[in-house]
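This report walks through selected local features of a protein structure, with attention to ring contacts, backbone geometry and helix packing. The structure comes first, and the commentary comes after it.

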Protein chains: 2
Amino acid sequence: MKELRWGLLAAGTIAAEFAAGVDESKHGVLEAVAARSGDRAAEFASRFEVPKCYGSYEDLLADPDVDAVYISTPHPLHGAWAIRAAEAGKHILCEKPLTVSVSEAEKVIEAARANDVFLMEAFMYRLHPQIRRLAELISSGAIGEVRAVDVAFSYNFATPRLTDPALGGGGIFDVGCYCTSLARLVSQAATGQDVVEPEEVLGMARLDENGVDEVAFGLLRLPGGVLAQLACGFQLTQDDHIRVYGSQGQLYVPKPAWIHEMRKPKTSQIILTPEGGEPEVIEVEATQGLFAREADHVAAHLADRQAPELTWAETLANLRTLERWRAAVAR
Amino acid sequence: MKELRWGLLAAGTIAAEFAAGVDESKHGVLEAVAARSGDRAAEFASRFEVPKCYGSYEDLLADPDVDAVYISTPHPLHGAWAIRAAEAGKHILCEKPLTVSVSEAEKVIEAARANDVFLMEAFMYRLHPQIRRLAELISSGAIGEVRAVDVAFSYNFATPRLTDPALGGGGIFDVGCYCTSLARLVSQAATGQDVVEPEEVLGMARLDENGVDEVAFGLLRLPGGVLAQLACGFQLTQDDHIRVYGSQGQLYVPKPAWIHEMRKPKTSQIILTPEGGEPEVIEVEATQGLFAREADHVAAHLADRQAPELTWAETLANLRTLERWRAAVAR
């Protein structure tokens, strides 16, 4: 497989995680980084030994040595830069949410299609063996008929980005998107359907004075009779968890792979408790860090233009769910 | 204190728990039991050494040696028998929910007032030192500003009573009532208000073919900015729990006192985790079993006609919440 040369659009915290992932990947190499200022780009380039740095995203997109871009700007800028990247013929891995509206996501997908480039929303956790194993256990009937899923992803500190509506602030966009994605995955695994969307979405939130959701709860009715209970926010120190309840037992993931494994591969756990039985700890080994895996996944599916776990239909379905959840909590 | 002579209206499982509680109580004594059949009443009387048994509830209510009755008929019969007990001049401890509608509860309360008898809904868990300690910790600011509470009470087996709409079936009436009660208690402790009701109630359920809620989730917006996430049902083996999240930490009750302590007093736990700190296990000792405590609580507050933790206003507030939750999940 040819080496995939990456350009980074934005040079923040998550870009640093991804850069480290590319370094650890088998098929990726860092080619360039762009930031809002040349100094910031140069600092990042020096820290991660990136050959080129640019003080403008346009310049990076004009670089013929860049094959694929990783977009990690604030959420509201994802869409416009993804479209420009597609027009520049670059393959695209874009941080979640792909855009802040379904209609804009449709435009990004259209641009990827029209320019024949790869496009994937960076829900890296879906590629992790822990999550794959969870889905397999559900599909295989390990807990019988799936009745409910309870998923929480939250933390208790705010950054300016999170509290600014103009920057796509709020817990739902930042971490709630994992909750909707995971809940839908459970229904997908339970029903054998590729992509599902909720039949009903309810939500309630603590909104700050600017209308940003600091703490949000959600309820989804999903295909297969699966109810989902979601919790997220940046003012709530919960223990992140996934719990899936079925007629014949439950599955519990105490440390979901979305944040508890960033760089170094670890052995993680799924706890299966059969109805009336003792908990059984299922150890899941990971051989690659989460972002290295993601970078290699893009390389592996480049020719298909979509990754099987994160198709464009999957992205749209999750965004529509998020849009409904956000609308439900707005007062 | 004069001994309180109890008559039991109904002789089922929960009546047996209560009978054992009266035996262990300091101020209560079992005087009579009534069941739908004389044989059943006789069997119960022999098992618990109850001096008198009746094959009709009317006969028990006519017994001048009975001071107080414990009503544990199916839910839809609570109201009518509570009113007749009040009219017979008996003090009343009635299983939750007091009635299956708010309007009927108002009639029961009116009957208690008119006949000058004690009336309490049997939410025995509210009297347990574990729950009192939880409320004190919240009131004292142990976790800062309270933001959310997550409470679950469920199990995975059905009985004919639970699945029959005519018998007040469904998880919300059976165990969800504890969730609303506890969530409201958290808001009460956080705000210092005596009785609170949610500003907003949302709900979603798996309903069976008769419209009975087998699994129900709920969201409440409570005074003090407290959001509540509720889960209950009789088709769901969750780990019952209470989690209260505040700006400065969380409180976790792994085994809430509503079922994990029935007869024998136990030492139970509340786990306080300050923000960014290590969990601290707070041990709470109980000196009496739950039902013995309840029987003595009735005796102690007989002259007041209401118990301070479970006033008539409290009962009505919880029933209104349940009525809204049940309406929200009906499709």
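Predicted model: local features only at pLDDT ≥ 70, side-chain atom pairs only at ≥ 80, totals over all residues.

A search over all chains of the structure returns 24 aromatic pairs. One of them joins A:Phe123 and A:Tyr178 in an edge-to-face arrangement, with 5.2 Å from centre to centre and 90° between the planes. Because A:Phe123 belongs to the loop between β6 (119-121) and α6 (129-139) of chain A, whereas A:Tyr178 belongs to helix α8 (residues 171-191) of chain A, the pair ties together parts that are 55 residues apart in sequence. Both partners are buried, A:Phe123 with a relative accessibility of 2% and A:Tyr178 with one of 5%. The two rings are also members of one aromatic cluster, which is formed by A:Phe123, A:Tyr125, A:Phe153, A:Tyr178 and A:Trp258.

A contact of another kind, between a charge and a ring, is found in chain A, where the charged end of A:Arg243 sits over the ring of A:Tyr252 at 3.9 Å from its centre. In chain B, B:Arg243 lies over the face of B:Tyr252, and the distance to the ring centre is 3.9 Å.

The UniProt record, in an unreviewed entry, lists residues 5-122 of chain A as "domain: Gfo/Idh/MocA-like oxidoreductase N-terminal". In the model this span is 46% helix and 22% strand, and its end C-alpha atoms lie 17 Å apart.

The backbone deserves a separate look. Most residues other than glycine have a negative phi, and most peptide bonds are trans.

| Site | Feature | Value |
|---|---|---|
| A:Lys96 to A:Pro97 | cis peptide bond | omega near -15° |
| B:Lys96 to B:Pro97 | cis peptide bond | omega near -15° |
| B:Glu49 | positive phi, not a glycine | phi near 55° |
| B:Asp116 | positive phi, not a glycine | phi about 55° |

A:Pro97 is placed in the loop between β5 (91-94) and α5 (102-114) of chain A, and B:Pro97 in the loop between β5 (91-94) and α5 (102-114) of chain B. B:Glu49 occupies the loop between α2 (38-48) and β3 (52-54) of chain B, and with a relative accessibility of 69% it counts as exposed. B:Asp116, in the loop between α5 and β6 (119-121) of chain B, counts as partly exposed at 45% relative accessibility.

Two views of helices in chain B complete the account. Helix α4 (residues 75-87) of chain B packs against α5(B) at an angle of about 10°, and their axes are 8 Å apart. Since angles under 35 degrees count as roughly parallel, α4(B) and α5(B) are therefore roughly parallel to each other. On the α4(B) side the contact is made by B:Gly79, B:Ala80, B:Ala82, B:Ile83 and B:Ala86, and on the α5(B) side by B:Glu104, B:Lys107, B:Val108, B:Ala111 and B:Ala112.

Helix α6 (residues 129-139) of chain B has as its buried residues B:Pro129, B:Gln130, B:Ile131, B:Leu134, B:Ala135, B:Leu137 and B:Ile138. An α-helix has 3.6 residues a turn, so residues three or four places apart point the same way. After α6(B) comes B:Gly141, which has a positive phi near 80°.

Conventions. Residues numbered from 1 in each chain as written. Chains lettered and ligands numbered in written order. Heavy atoms only, no water. Phe/Tyr/Trp six-rings, centres within 6.5 Å; stacked < 30°, edge-to-face > 60°. Helix = DSSP H or I, 4+ residues; strand = E, 2+ residues; numbered from the N terminus. Buried < 20%, exposed > 50% of the residue type's maximum accessible area, 1.4 Å probe, protein only. Lys NZ or Arg CZ within 6 Å of the ring centre and 35° of its normal. UniProt positions renumbered as here; feature names shortened; annotations may be inferred. Axes fitted to C-alpha atoms, helices over the stretch in contact; angles between N-to-C directions. Parallel < 35°, antiparallel > 145°, perpendicular 65-115°, else oblique. Contact = heavy atoms within 4.5 Å.
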